[in-house]
Amino acid sequence: MFEAVDAAFPDVHAEMIDGEVCIETVATSAHGEMVIFMGTQLSTKWCAMTKVDTVHPGWRGRTCLRPDLSVADPSYRGSRLQKFPADELLLACEVVSESNPENDTRRKDTKYAQAGTPYYLIVNPIDGECLLYSLPDDGRYRAKVESKFGDPVPIGAPLDVELDTSALYTY
């Protein structure tokens with residue numbers, strides 16, 4: 001069913017979470033700017049991708065996420081995977097949408113933690129802050145660091161980077 005909805009509406013952003021198809025409006029230029037700003041900081045050293053179908057066996061085919069920004073080992077550069085394994089991501093990043101912020105802030109963190117994705121970053125232009133989840137364990141993240149826009153976001157190994165948030169702004 002998800003594939004049929006996705007094919008029928010190619011101009012919208014569709015994901016599936018626990019069997020529920022979630023459709024968001026087309027991203028605004030502000031949303032896209034923030035994704036590019038964050039991705040540019042990581043793309044020189046890592047494989048930084050946008051809108052990649054991300055899956056995990058533990059999701060039992062009932063979830064397909066498309067992070068705004070996915071970061072993986074540079075060996076994935078140029079790969080043409082139809083479905084990207086969530087447990088191979090080093091970082092999944094979502095810029096919160098105005099149309100349905102709860103999907104990014106309350107539902108996806110559990111999915112990425114279940115997959116063992118080391119870091120899940122939420123860039124929230126509604127509240128002007130970033131939330132970095134880490135230390136996935138038993139389907140949840142054990143640590144969370146909050147940073148206001150303008151403050152750096154420290155991400156540990158293996159990325160070992162402080163993300164600059166000075167160009168981020170609120171909606």
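Among contacts in the chain between residues at least 6 apart in sequence, 56% join residues at least 24 apart. This is a predicted model, and its chain comprises three helices and twelve strands. Of the 171 residues in the chain, 46% are buried. The chain exposes about 8400 Å², and 51% of this area is supplied by carbon and sulfur atoms.

A search of the whole structure finds five aromatic pairs. A pair of aromatic rings is described by the distance of the centres and the angle of the planes. In the pair formed by Trp59 and Tyr112, the ring centres are 6.4 Å apart and the planes stand at 75 degrees; because planes over 60 degrees apart count as edge-to-face, the pair belongs to that class.

Where do Trp59 and Tyr112 lie in the chain? Trp59 is found in the loop between strand 4 (54–55) and strand 5 (69–72), while Tyr112 belongs to helix 3 (residues 101–115), so the pair ties together parts that are 53 residues apart in sequence. Both Trp59 and Tyr112 are buried.

Tyr112 also pairs with Tyr120. The ring centres of Tyr112 and Tyr120 are 5.0 Å apart and their planes are at 35 degrees, so this pair is tilted. Are these two tyrosines buried or exposed? Tyr112 has 0% relative accessibility and therefore counts as buried; Tyr120, with a relative accessible area of 0%, is buried as well.

These residues can finally be viewed as a group. Trp59, Tyr112 and Tyr120 form one aromatic cluster together with Tyr133 and Tyr141.

Conventions. Residues are numbered from 1 along each chain as its sequence is written. This is a predicted model: local features need pLDDT of at least 70, side-chain atom pairs count only at pLDDT 80 or more; totals for chains, interfaces and linings use all residues. Side-chain values use heavy atoms; hydrogens and water are left out. Helices (H or I, at least four residues) and strands (E, at least two) are DSSP runs, numbered from the N terminus. Buried means under 20% relative accessible area, exposed over 50%, partly exposed in between (1.4 Å probe, protein chains only). Contact means heavy atoms within 4.5 Å. Accessible areas come from the Shrake-Rupley method with a 1.4 Å probe; for residues, only the protein chains shown count as cover. Rings of Phe, Tyr and Trp (its six-membered ring) pair if their centres lie within 6.5 Å; planes under 30 degrees apart count as stacked, over 60 as edge-to-face and the rest as tilted.
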